[in-house]
Amino acid sequence: MATITRLFDSHTEALDAVAELEGSGVPHDKISIVSNNADNWHSGSSRGSGGPLGDQNGDGENDVADGTGKGATTGGLLGGGAGLLAGLGMLAIPGLGPVVAAGWLASTAVGAAVGAVAGGATGGLLGALKEAGHSDEEANVYSEGVRRGGTLVSVKADENEKDKLEQILNGKRGYDAATRGEAYRQSGWTRFDPDAEPYSTTQISEERARYR
């Protein structure tokens with residue numbers, strides 16, 4: 001089973017892509033979304049969270065994966081509900097700051113962050129993308145894309161589904177790692193730095209305008 005991932009500059013386009021994937025018959029447990037939330041497009045208020053980042057059950061405690069120190073919610077809280085988007089929740093992933101996410105990739109990112117703290121391995125979203133089968137270069141570009149305000153949609157696909165699912169994601173203005181990586185490198189970027197400061201809302205606005 002292959003993993004198809006595309007980077008979206010607009011979270012609304014990414015949400016439309018998820019809805020179309022599900023409408024085409026892809027089970028929501030095969031789809032994942034990770035979106036930058038620096039502009040607070042998803043407040044989480046509908047889920048009763050008025051406490052710390054990652055407080056999904058409203059008890060005032062941060063439901064974290066032990067060891068991350070970043071407020072990443074545990075995988076069991078992601079992707080619930082009738083469809084993937086019904087399970088969107090807020091969390092934090094090292095190097096990215098606040099994100100909105102649901103599905104298997106987000107759960108893997110949390111687990112990878114824990115493993116990195118415990119054993120020095122590559123953690124967070126970068127590690128999760130590599131574990132999903134992406135090359136080092138692709139994982140770096142996609143992680144950087146979320147840091148810069150983007151949204152990732154990833155789907156697990158059988159070989160006979162790949163072309164159809166790629167067409168859906170491309171049709172919603174999703175970018176592959178090669179295309180966006182070339183644009184990043186033109187400005188001197190080389191790779192994702194998990195220790196770098198997350199982009200500010202102003203920087204994200206400028207970044208999104210660059211690719212309109």
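This is a predicted model: local features need pLDDT of at least 70, side-chain atom pairs count only at pLDDT 80 or more; totals for chains, interfaces and linings use all residues.
**Close-up 1. Helix H1 spans residues 11-23.** H1 has 13 residues. From its first C-alpha to its last, H1 reaches 18 Å. That is close to the 18 Å expected at 1.5 Å a residue.

**Close-up 2. The buried residues of H1 line one face of the helix.** They are His 11, Ala 14, Leu 15, Ala 17, Val 18 and Leu 21. Seen down the axis of H1, these buried residues fall within an arc of 155 degrees, so they line one face. An α-helix has 3.6 residues a turn, so residues three or four places apart point the same way. What covers the buried residues of H1 includes strands E1 (2-8), E2 (31-36) and E5 (151-157). Helix H5 (162-171) is also part of the cover.

**Close-up 3. Helix H7 (residues 201-210) has buried residues too.** They are Ile 204, Glu 207 and Arg 208. Viewed down the axis of H7, they fall within an arc of 95 degrees, so they line one face of the helix. They pack against strand E2 (31-36) and helix H6 (177-186).

**Close-up 4. Helices H3 (residues 124-131) and H4 (residues 136-147) pack together.** Their axes lie 9 Å apart, at an angle of about 140 degrees. H3 and H4 are therefore oblique to each other. Their crossing is right-handed. From H3, the contact is made by Leu 125, Leu 126, Leu 129 and Lys 130. H4 contributes Asp 136, Ala 139, Asn 140, Tyr 142, Ser 143 and Val 146.

Terms used
Residues are numbered from 1 along each chain as its sequence is written. Side-chain values use heavy atoms; hydrogens and water are left out. Buried means under 20% relative accessible area, exposed over 50%, partly exposed in between (1.4 Å probe, protein chains only). Helices (H or I, at least four residues) and strands (E, at least two) are DSSP runs, numbered from the N terminus. The arc is that of the directions from the helix axis to the C-beta atoms. Contact means heavy atoms within 4.5 Å. The expected span of a helix is 1.5 Å times one less than its number of residues. Axes are lines fitted to C-alpha atoms, for helices over the stretch in contact, and angles run from 0 to 180 degrees between N-to-C directions. Angles under 35 degrees count as roughly parallel, over 145 as roughly antiparallel, 65 to 115 as roughly perpendicular and the rest as oblique. A crossing is left-handed if the near helix is turned anticlockwise from the far one by less than a right angle, and right-handed if clockwise.
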